[in-house]
Amino acid sequence: GWSSELLTTKEIESCFRLITGILYTNTSGTKALEALINKYRSKGFCLVTIESTSCRDGILQVKVSSGKPDGIDIQRNKNITGITSIKREIKVDTTQVLRFKKAEESVDNLYHTGSFNCVSVSDKLVKGVVNNTVSISNV
């Protein structure tokens, strides 16, 4: 069985409908997994990824990440804007699943303060592993 706080069981099962109860190819399985990630993305969950898959007793088990950012990294090359002012405008909560809309809202809020000429949010690559840290830079 599938469980998820972010998607309903019906939504998850719909991704695997075409491969349920039959022998399937790697291509079909990959398409089902891509459909699952696309379902998360369509709901705005931009950091949810597939962590692992396994098959036990004929049942495909898929483990997905929490979708929560590992942290927020604020980089200031000009120490003009105070860190408190920056944090106030950030709508990303590292204890919650990150929705694209919240990240976008944070970028807009920071940009519209007039203190930044460039604001971006990105995943950080650390030693070959994507670290889901939200990076905010002012240049």
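Tyr 40 and Phe 45 are both buried, where buried means under 20% relative accessible area, exposed over 50% and partly exposed in between (1.4 Å probe, protein chains only). The two rings form an edge-to-face aromatic pair, 6.4 Å centre to centre with 70° between the planes, and a search of the whole structure turns up 1 aromatic pair. Rings of Phe, Tyr and Trp (its six-membered ring) pair if their centres lie within 6.5 Å; planes under 30 degrees apart count as stacked, over 60 as edge-to-face and the rest as tilted.

A word on the ground rules. This is a predicted model, so local features need pLDDT of at least 70 and side-chain atom pairs count only at pLDDT 80 or more, while totals for chains, interfaces and linings use all residues. Residues are numbered from 1 along each chain as its sequence is written, and side-chain values use heavy atoms, with hydrogens and water left out.

Now for the cores. Tyr 40 is also among the residues with the most contacts inside the largest nonpolar core, which has 13 residues. Those giving it two or more residues are α1 (9-16), α2 (26-42) and β2, and α2 gives the most, with 4 residues. A second, separate core of 10 residues includes Ile 86, Ile 90, Leu 110 and Phe 116. A nonpolar core here is a set of buried Ala, Val, Leu, Ile, Met, Phe, Trp, Tyr and Cys residues joined through side-chain atoms within 4.5 Å. Helices (H or I, at least four residues) and strands (E, at least two) are DSSP runs, numbered from the N terminus.

Strand β2 (residues 59-64) runs antiparallel to β1 (residues 50-56), and 6 bridges join them; strands pair if DSSP finds at least two bridges between them. Ile 50 stands opposite Val 64 in β2. The hairpin has 2 residues between the strands, and Asp 57 takes a positive phi there.

| Residue | Place | Positive phi |

Ala 103, Ser 106, Val 107 and Leu 110 are buried in α4. They sit on the same side of α4 because they cover an arc of only 95° around the axis, taken from the directions from the helix axis to the C-beta atoms. The face turned away carries exposed Lys 101 and His 112.
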